[in-house]
Amino acid sequence: MPTPLTHDDPQTLGGYRLIARLGSGGMGTVYLARTAGGRRVALKTVHARIASDPAFRTRFRLETDAARVIGGLHGAAVFDADPLAETPWMATEYVLGPPLDDAVSLCGPLPEPSVRALGAALCGALSQLHRSDVVHRDLKPSNVMITAYGPKIIDFGIARALGDDRLTRTGTAAGTPAYMSPEQATGLEHTPAGDVFALAGVLVFAAAGHGPFGAGRPADLLYRVRYADPDLSGVPASLAPVLAGCLHKDPARRPTTGELVARLHDGHGEFADHLPPPLLGEISRRAAEV
């Protein structure tokens, strides 16, 4: 949620007027900003200590490229970016809706029709990435924004082209342990099948309020991801076998996004028709607040 700017925050950046903070972490800060014409945007910036690292600047440029690949239908549309600026930045659409983790925290686990519609829409988003030979590699509830028109995938900080290991050392796991695929957890090549594994984890969380491998220390999570059966308690009985197939340890045994979408949803109705009223109310409230 937006919070006031601090005394250390700039007033403008890249021609955008900063209005509030949307979030801050180890890598940078995201601001709510406006163009001279009044358009509202999310402006992502990189901390100065990281911006001095040429490898990180390359990663930021690749993140911008991946965000442009997915486009405004399935992601936050990129309006402008300058990865070469003293403070690298990227201006994207400000998405009117909560991230999935907030949605479940505020409104509870989603009903099965919502989960199925969410999964089918995310299959479409991932298919678009995969057709361009890009894999996300960090799909998780906090990176899925829920709007009345469909989910949007954000944060492509470790996305990359298939087969491109320039920024990944062999044997190094990059991503979020609770939603990694087994192959990613061992530092192996993350293919579209790895994104399908992560998608299933996201849908387990949406349906049951917990991830398929629980919580805890990263080392414990990585072990469970590689060797333990997923915890599908709370997942509707008709949906559990579909997600279990996506969580198979062998990537060759998982369905493709094209196969999965047909098992999740028949495509009828608008996305908002499948959302519970409390979540629709939260989306409206956030839009009004901004």
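## Close-up views of a predicted model

**View 1. R116 and E112 pair within helix 4.** R116 forms a salt bridge with E112, and the closest N and O atoms are 2.8 Å apart. Both residues lie in helix 4. They sit four residues apart, about one turn of the helix. R116 counts as buried, at 16% relative accessibility. E112 is partly exposed, with a relative accessible area of 21%. Elsewhere, salt bridges that share partners join D102, E282, R285 and R286 into one network. The model is predicted, and the structure holds twelve salt bridges.

**View 2. R21 and D9 meet in a salt bridge.** The N to O distance is 2.8 Å. R21 lies in strand 2 and D9 in the segment before strand 1 (12–13), so the pair ties together parts that are twelve residues apart in sequence. Are these two side chains' residues buried or exposed? R21 counts as buried, at 19% relative accessibility. D9 is buried too, with a relative accessible area of 7%.

View 3. R61 is partly exposed, with a relative accessible area of 36%. D65 is partly exposed as well, at 34%.

**View 4. The largest pocket has a volume of about 1,300 Å³.** Its lining counts 43 residues. V30, K44, N143, I154 and D155 lie nearest the centre of this pocket. Elements giving two or more residues to the lining include strand 2 (16–24), strand 3 (29–34), strand 4 (40–45) and helix 10 (277–289). Helix 2 gives the most, with five residues. By class, the lining has 21 nonpolar, twelve polar and ten charged residues.

**View 5. The second largest pocket has a volume of about 260 Å³.** It is lined by 17 residues. A121, Y149, G150, P151 and F271 are the closest to its centre. Helix 2, helix 4 (112–131) and strand 9 (150–153) each give two or more residues to this lining. The lining residues divide into seven nonpolar, eight polar and two charged.

**View 6. The second largest cavity has a volume of about 30 Å³.** The structure holds two cavities of 30 Å³ or more. Which residues line the second largest cavity? They are R137, D138, L139, T176, Y179, M180, Q184, H190 and A198. Four of the lining residues are nonpolar, three are polar and two are charged.

Conventions
Residues numbered from 1 in each chain as written. Predicted model: local features only at pLDDT ≥ 70, side-chain atom pairs only at ≥ 80, totals over all residues. Heavy atoms only, no water. 1 Å grid on protein atoms, 1.4 Å probe; cavity = no way out; pocket = protein on both sides within 12 Å on 5 of 7 lines; lining within 4 Å. Points joined across faces, edges and corners; volume = space filled by probe spheres on them. Nonpolar A, V, L, I, M, F, W, Y, C, P; charged D, E, K, R; others polar. Salt bridge = Lys/Arg side-chain N within 4 Å of Asp/Glu carboxyl O. Buried < 20%, exposed > 50% of the residue type's maximum accessible area, 1.4 Å probe, protein only.
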